[in-house]
Amino acid sequence: MQLTEKHKEYWQRNLKLTGILLAIWFVATFVVSWYARELNEIIIIGPVGFYMGAQGALIIYVLIIWFYARYMNNLDKEYGVHEGEEQ
Amino acid sequence: MATTSQAQFNANLKRYYSFYTGGFVAFVVFVGILEWFGVPNKILGYIFLFATIMLYAGIGFMSKTSEVSEYYVAGRRVPALFNGMATGSDWMSAASFIGMAGTLYLTGYDGLAFIMGWTGGYCLVALLLAPYLRKFGQFTIPDFLGARYGGHAPRLIGVFAAVLVSFVYVVAQIYGVGLITSRFTGLEFAVGVFVGLAGILVCSFLGGMKAVTWTQVAQYIILIVAYMIPVVWLSMIHTGTPIPQITAYTTVLPKVTALEKEFNDKATPKGAAEETVRAIFRERSAAADARLKGLEAGGAGYLTEQKKALEDKVAALKADAAPDAKAIEAAEKAAKDYPTDPAAAKAQWTKDKSGAAARAGAVKSHAEPFAAKDEKARDIAKKNFLVLVFCLMVGTAALPHILMRFYTTPSVQEARRSVFWSLFFIFLLYFTAPALAILVKYEIYGSLVGTSFAQLPAWVSNWAAVDKTLMAIADINKDGIVQLAEIVIGGDLIVLATPEIAGLPYVISGLVAAGGLAAALSTADGLLLTIANALSHDVYYKVIDPNAPTTRRIAVSKGLLLVVAVIAAYVTSMKPGDILFLVGAAFSLAGSAFFPSLVLGIFWKRANKLGAILGMTVGLGVCMYYMIQTYPFFGINAPRWWDIAPIGAGVFGITAGFIALIVGTLISPAPSKEVQELVDHVRYPNLEGDIDTRAA
C-alpha cells in the first residue's frame with residue numbers, strides 16, 4: 001500500500017476542515033460561556049449568554065456535524081477513496 | 001449473509017417502525033379510553049409498565065441470534081437514521097429524561113453545563129472518532145487499542161476501564177429503573193430494581209447488539225413522544241403557541257425574571273411576604289447555630305442537660321391544672337427525638353442550620369450565569385462550569401457503549417451521517433428541557449405562589465402526599481398564602497408532574513413514566529452489553545482461548561451478561577451514593593482512560609505501545625486519585641486543586657493522560673510498519689491494495 005500525493009492532500013484537507021470545525025466548536029462552547037455574564041446584557045430572543053448555553057450552542061453543534069458529514073462524503077468521492085456498494 | 005439488499009432492508013425498516021409508531025399511538029388512545037371509563041390510575045400504570053416491557057421482549061425475541069457479527073455489531077447493516085435513534089436512546093438515560101429539566105429548574109444557568117456537555121461531545125465523536133473506528137470495523141473499543149498498540153496490555157487496560165466506567169454508569173441506570181417502577185406501581189424499590197432488570201435482560205440476552213439496537217429504536221420513539229406531548233401542551237396554555245423552544249425565551253423568561261425581582265424586593269407586597277418567611281428561617285438557622293455552639297462548649301453534658309430540660313417541660317405540662325393533650329404530645333415528641341449522641345446531634349444540627357440558611361436566602365436569578373456572593377466566588381463557579389462542560393464532552397467521546405454503536409453502520413459514510421442523526425435526535429430532547437424548566441418555573445412563581453393554602457392545585461397536594469422529597473409545602477409564616485420560600489421541590493418532580501400541571505389526563509402521566517423507563521432501560525442495555533462483550537470478546541476470546549468456537553463465544557457472553565446484570569442490580573439495591581455524581585464520575589473516568597489513546601492512535605502515527613499503556617494508566621490513575629481524595633463519600637476531603645470540584649476530576653486525568661502518552665511514546669521506538677499501515681488504513685474510507693482489519 002503506497003500513499004500517493006493525492007492521498008496526502010486528502011488527509012491534509014480533512015485535517016484542515018477538522019481543525020476549523022473544532023475551532024468553531026471551541027468558541028461556541030468555551031469562549032461564549034466564559035463571557036456569559038457579559039453577553040447576558042444583550043437581548044436577542046432571550047439574554048444571549050443564557051440562550052447560547054440553552055440552545056444556540058446546540059444548534060451550532062448539529063450544524064457542525066451535518067456539514068462535516070456532507071463535506072467529507074463529497075471529498076471521498078473527489079479523491080476516489082469512497083467505498084463501493086459493498087452490501 | 002444478507003438475504004435482502006441493504007436498500008430493501010432500509011425500506012422494510014421504515015415500514016415496520018411506521019406501523020409500530022401508529023400502533024403505539026393507538027395503544028395510548030386505548031388506555032386513554034379506559035381511563036375515561038373510570039379504570040383506576042394504578043391499573044393504568046401497570047398496563048403501561050407491562051405492555052412496554054412485553055413489547056421490548058417481543059422485539060428482543062424476534063431478533064434472537066447466534067451469529068457472531070449480529071450478536072456483537074448487529075450485522076453491520078444498521079442505516080444511519082436508525083443508528084441515530086438507537087444511539088439517542090442508548091445515550092439518554094433516566095438522568096436526561098427525568099432529571100435534566102429538574103436540574104435546570106433548580107440551578108438555572110449553571111445546569112446548562114449538562115446540556116452543552118452532553119451534546120457538544122458529539123462534535124468530538126463525529127470529527128475525531130466515529131468514521132475511523134467504523135473503518136477499523138471490529139467489535140469493541142479494546143479491539144482497537146489492541147490492534148493499534150499491539151500486545152495484550154493496552155487491550156486489557158482498555159477492558160478494565162470499559163468495565164469500570166460502564167459499571168458505575170449502569171448502577172445509576174438501574175437505580176432510575178427501580179425508582180420509576182416503584183413509584184408507578186407501588187412495588188418496593190428493591191423489587192422494582194429486579195422487575196426492571198428482567199426488562200433489561202429480555203432485550204439484550206437473546207439477541208445481543210442486534211436485539212438491543214432494534215429495541216432502542218422502539219424505545220427512542222416512545223421516549224421522545226412522551227417528552228414532547230406535555231411540554232407542547234404546557235406551552236399552548238401559557239403562550240398560545242406549540243413551540244416552547246422559542247416562546248419560553250421570548251415571552252415566559254422575562255416574566256420569570258420580573259417575578260424573581262419582585263420576590264427579592266422587600267418593598268413589594270410579594271417581597272414583603274417572602275421576607276416574613278425568610279426571617280423565620282434565619283431564626284431557625286441561628287437557633288441551630290446556638291445549639292451547635294452549646295454542644296461544642298458543653299459536649300455530651302450539654303445534651304443531657306437540654307434533654308432534661310425538655311423532660312421537665314413535659315412533666316410541668318402534665319402537672320398543669322388543665323392539661324393540654326396536644327401540647328403534651330408535642331413536648332413528649334421533642335424530648336424523645338432529642339439526640340443523645342454528640343456526633344449525631346452535630347450532624348443533625350449542621351444540616352438544620354444549612355437547610356434553614358438556604359431557604360432564608362434570596363431567589364436565584366434563573367438566567368444569571370455563575371451567581372455567587374462576590375467576584376472570587378463567581379470566578380470559581382465559572383471555572384467549575386467550564387471544567388464540567390469539558391469533562392462531559394470528552395467523556396461523551398470516550399464512552400465505550402456509545403462508540404461501539406458506530407461499528408454497526410454499513411459504511412464509513414453512513415457512520416458520519418449517523419453521528420449527525422444521533423445528535424439530532426438527542427438535540428430534540430435537550431433543547432426542549434431548558435424551555436420546560438422555564439415554563440414550570442413560571443407556573444410555580446406566577447400561579448402557585450400567592451394562592452391560598454385552602455385552594456392548592458390538585459397536582460401540588462397529590463405530589464406532596466406521594467413523596468415529600470419531591471414536593472414539600474407548608475405554611476411557615478401562618479398567613480394562609482403560599483410563598484416561594486415555603487415550597488421545596490425535588491428536581492425529578494418537574495418532568496413527572498408536567499402532565500398534571502398542564503391539566504392533561506392521567507394517561508399522559510403513564511406515558512411519561514413509560515418514556516422514563518424506556519430511557520433507563522435502553523441505556524442499561526447498551527452498558528451491560530458493553531461489559532459482557534469486553535469480558536467475553538476481549539478477555540476470553542482474544543486472550544484466553546483464541547480458538548474458541550463461535551457458539552461458545554456467544555454462550556460465554558450471554559452467561560457474563562446475566563452475572564454482571566445480577567451484580568449490578570445487587571449493588572443498586574443497596575442505594576449507593578448520589579446518582580448525579582455517579583454519572584459525572586463515569587464521564588471523567590472514561591475521558592481520562594480512553595480519549596488520549598483513541599484520538600492520538602488515529603491522528604499521531606508515532607504513538608506507540610508504551611505511550612498508550614502509560615497514557616491510559618496515568619490518566620485513569622490521576623482521575624481516580626483526585627476523586628478519592630476530594631469526594632466527601634470517601635471521607636478524606638483533601639484540599640482541592642485550583643478549587644475544582646470532584647466531578648471535574650477528568651480535567652486532570654485527561655491532561656495527565658495526554659502528557660503521559662506523549663512522553664511514553666517519545667522515549668520508546670516508533671511503532672512497526674504494519675501498525676503505521678493500519679493508521680493509514682483507518683484514515684481513508686477506501687484504499688487500493690488496502691489491508692483488511694474487518695472482523696468476520
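Colleague: What percentage of the 696 residues of chain B count as buried?
Modeller: The model is a predicted one. A residue is buried here if 20 or more other C-beta atoms lie within 10 Å of its own. Among the 696 residues of chain B, the share that counts as buried is 52%.

Colleague: Why is chain B as compact as a globular protein of its length?
Modeller: Chain B is made up of 26 helices and two strands. For 696 residues the globule rule gives 26 Å, and chain B is close to that value, so it is as compact as a globular protein of that length; its radius of gyration is 28 Å.

Colleague: Is I180(B) buried or exposed?
Modeller: I180(B) lies in helix 8 (residues 152-185) of chain B. Leaving aside neighbours within four places in sequence, its contacts are A513(B), G516(B), L517(B) and A520(B). The cut-off for burial is 20 or more other C-beta atoms within 10 Å. Because I180(B) has 28 such atoms within 10 Å, it is buried.

Colleague: Which element of chain A gives the largest share of the side that touches chain B?
Modeller: In the interface, 40 residues of chain A are in contact with 49 residues of chain B. On the chain A side, two or more residues come from each of helix 1 (5-34), helix 2 (36-39), strand 2 (46-47) and helix 3 (48-78). The largest share, 18 residues, comes from helix 3 of chain A.

Colleague: How many nonpolar residues does that side of chain A have?
Modeller: The side of chain A that touches chain B includes 12 polar and three charged residues. Its nonpolar residues number 25.

Technical notes:
Residues numbered from 1 in each chain as written. Chains lettered and ligands numbered in written order. Predicted model: local features only at pLDDT ≥ 70, side-chain atom pairs only at ≥ 80, totals over all residues. Contact = placed C-beta atoms within 7 Å. Helix = DSSP H or I, 4+ residues; strand = E, 2+ residues; numbered from the N terminus. Nonpolar A, V, L, I, M, F, W, Y, C, P; charged D, E, K, R; others polar. Rg over C-alpha atoms; globule rule 2.2 N^0.38 Å. Buried ≥ 20, exposed ≤ 12 C-beta atoms within 10 Å, placed from the backbone.
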